Amino acid sequence: MTDPAQQQAAAQRIAAIPTRFPAPMGWWVMFLFALCLLALFFVSVAVLFARGPGIWGNNIPVGWGFPISNYIWWLGIGHAGTLISAMLLLVGQQWRNSLNRFAEAMTLFAVMCAGLYPILHLGRPWRFYWMAPYPSTMGIWPQFRSPLTWDFFAVLTYLIVSVLFWYIGIVPDLAAARDRAEKRRWQIFFGLGALGWRGSAAHWHRWQQSYRLTAAIAVPLVVSVHSEISLLMAAGPVPGWVSTVFPPYFVLGAAFSGFAVVSMLTLWLRAMLKLGALVTPRHLNMLGILLLATGLMTAYGYLAEVFTAAWSGGREAETMWDRFVGPYAWSYWGAVVFNFVPLQALWWARVRTSPIALFLIGLSVAVGMWLERYMLLVSSLYRDWLESSEGLFRPTFWDWSLYAGTLGLFLTCFLLFIRFLPVISAFEVREEAQEALDG
Amino acid sequence: MMTCLAAAVLAIAGWARVRSPYETEQGWVQHQPVPFSHKHHVADIGLDCRYCHAGVETSAEAGLPSTHVCMTCHSQLWTGADVLAPVRQSLASGQPLVWHRVSQLPDYVYFNHSIHVARGVACAECHGRIDKMALTFRAQPFEMQFCIDCHRDPAPHLGPPDRVTRMTPLGWSEADKRRYGERVMAAHRIDPKTLVNCGICHR
């Protein structure tokens, strides 16, 4: 464990990161890369708007394809930020203080990428607001039995609560950054964001209340939102989807993929911004344990799925067998291998605390979970009850380009965040250090 | 605070705008090649709607009269009138008059006049008191709300089919109208549940 005094000094530096950024070169290189991908995003969306969803590989019977599997993947990644921040706050795990701020930012940007997908997937994306129950001149409500409407409410609720939670959390640090800023424009920028925070006892009291309350709202949302996503599938009479294990399976898979991405971002920021004093081997160890635990729970979901299929027999079992040996077997075995094989190395503490090993395992899990979403969606849809309606799905260039584009959107937002806002919750780290000093 | 206020103002302005004639063109007169007066032809002369809009009982479109229909009278009456010059030109050249649509539905809406007429929805229900329009304007907003209000509760809007083109009210009490409408619905098995299926209008 690092010396509290050293930790406190490090916390002082966090608030100064935006005004005296420590790694301008590395940041610019990453930012240019992210901007290229973002440009690809805009090109893909422009082509999509001009020519319609026909540019994608989606077609009957696989009407969902990339947009929906990527939507699920992005949203799942977002959930880890909420779990790390809100759940660990409520159960009093103080080590989260070094990770929560950027994990929350990751949630925001991942939810943005996720939320864009169902909208872009609409035939007429500019009409997306028709899903909202606003007082329209149509005289009808949105179709509440439609998964599209569920998506709308799930993503919107989650986005609002995530923004609130992240913003409430950052207000005291914005005030610290405001007081520390020397240039006028930084003072105004942070001053507006800090909402007149003066740090009085009354402020802190209100802040505690609202922060914990928002956390208490956010944690159940992780479960309900990703259960909703799983019901998009489990509610349909499609072989391979009709399973009661889906909601927990999806929620745990989401947390799993999210923790993988949090680990990757942690290690990247730690190396780039030299945060070794704050993000210690202990944090890496905890992340490794979380990753291993959620990974094993996800593996249970895989087993439960196989069991359900074998138990049900008939078309369910055929679909399962088709996943093992059919045309999409690569995605099934890819998911199994990438998700669970490198993961086993995390049983050893030396691997958990090794930045490079943890990063690579995180990457492997992110890829594996992407394959899992793809496998679940495509391998069920392409072959349902009628032989006459079978048809293979092949992603096109524009499928891949939009996916790469959302990665660009995510990276751009995240890089702007680490450049302009305090990436670690400085006041919470200081509080933790002070408590350690006081004994 | 200001943001909330601005958002509220925008929302209310948007709410009002989509219901205003700027959006719906309700009450707006379209420019026409000849200043045709429905008031004169319907109220003063007593022409039946179907004399000119002959397709209304049998097809989706009510249809506009050909120049020859105008000329059944105007080959004898007002033969030298300046306002009718485009009609005479049309007859001479064989080029039909280009009337501008007053009551427009979007192209993704399937609407069929004949079934509405056959079940006794009076012309005036949607087109208003045409017999009072010296220049023709859109009487109703023709938004989805307008259509679906009637589809949800058709009873008060159904009258005797032989009196659909009558412009003056039937003079029935509200209760009588509803009772009559409900009998029509029972006789023709009109069920509001199927009338509000998406596919009824969006095919």
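Residues are numbered from 1 along each chain as its sequence is written, and chains are lettered from A and ligands numbered from 1 in the order in which they are written. Because this is a predicted model, local features need pLDDT of at least 70 and side-chain atom pairs count only at pLDDT 80 or more, whereas totals for chains, interfaces and linings use all residues.

**View 1. Chain A as a whole.** Chain A contains 15 helices and zero strands; helices (H or I, at least four residues) and strands (E, at least two) are DSSP runs, numbered from the N terminus. The radius of gyration of chain A is 23 Å, close to the 22 Å given by the globule rule for 439 residues, so chain A is as compact as a globular protein of that length. That radius is taken over C-alpha atoms, and the globule rule is 2.2 Å times the number of residues to the power 0.38. The C-alpha trace of chain A spans about 70 × 60 × 40 Å along its principal axes. Of the 439 residues in chain A, 44% are buried. A residue is buried if 20 or more other C-beta atoms lie within 10 Å of its own, exposed if 12 or fewer, and partly exposed in between, with C-beta atoms placed from the backbone. Among contacts in chain A with a separation of 6 or more, 82% involve residues 24 or more positions apart; two residues are in contact if their C-beta atoms, placed from the backbone, lie within 7 Å.

**View 2. Confidence along chain A.** The average pLDDT of chain A is 89, and 97% of the residues score at least 70; pLDDT is the predictor's confidence in each residue, from 0 to 100. Within chain A, confidence is lowest in helix H1 (residues 4–16), at a mean of 68, and highest in helix H11 (residues 329–340), at 96.

**View 3. Helix H7 of chain A and its kink.** Helix H7 (residues 201–234) of chain A has 34 residues and reaches 49 Å from its first C-alpha to its last, close to the expected 50 Å. The expected span is 1.5 Å times one less than the number of residues in the helix. A kink of about 30 degrees in H7(A) is centred on A:Leu221; the bend at a residue is the angle between axes fitted to the seven residues ending there and the seven starting there. Buried residues of H7(A) include A:Thr214, A:Ala218, A:Val222, A:His226, A:Glu228 and A:Met233. The cover over the buried residues of H7(A) includes helices H3 (65–90), H5 (147–180), H8 (246–272) and H13 (355–381) of chain A.

**View 4. Helix H4 of chain A.** Helix H4 (residues 100–120) of chain A has 21 residues and reaches 30 Å from its first C-alpha to its last, close to the expected 30 Å. H4(A) is mostly covered, with 18 of its 21 residues buried.

**View 5. Backbone features in the loops.** Most residues other than glycine have a negative phi, and most peptide bonds are trans. The peptide bond from A:Ile60 to A:Pro61 is cis, with omega near 10 degrees, and A:Pro61 is found in the loop between helix H2 (24–51) and H3 of chain A. A:Leu195 has a positive phi, near 55 degrees, and lies in the loop between helix H6 (184–194) and H7 of chain A. A:Leu195 counts as exposed because it has 12 C-beta neighbours inside 10 Å. In chain B, phi of B:Glu25 is also positive, near 60 degrees. B:Glu25 lies in the loop between helix H2 (21–24) and helix H3 (38–44) of chain B, and is partly exposed, with 17 other C-beta atoms within 10 Å.

View 6. Chain B has twelve helices and zero strands, and its C-alpha atoms fill a box of roughly 65 × 55 × 35 Å along the principal axes. Buried residues make up 12% of the 203 residues in chain B. B:Asp162 lies in the loop between H9 and helix H10 (174–188) of chain B, and counts as exposed, with 8 C-beta neighbours inside 10 Å. The C-alpha atoms of B:Asp162 and B:Trp172, ten residues apart along the chain, are separated by 16 Å.

**View 7. The contact between chains A and B.** Eight residues from chain B and five residues from chain A form the contact. On the side of chain B that touches chain A, helix H1 (2–19) and helix H9 (144–152) of chain B each supply at least two residues. H9(B) gives the most to that side, with four residues. By class, the side of chain B that touches chain A has four nonpolar, one polar and three charged residues. Ala, Val, Leu, Ile, Met, Phe, Trp, Tyr, Cys and Pro count as nonpolar, Asp, Glu, Lys and Arg as charged, and the others, Gly among them, as polar.
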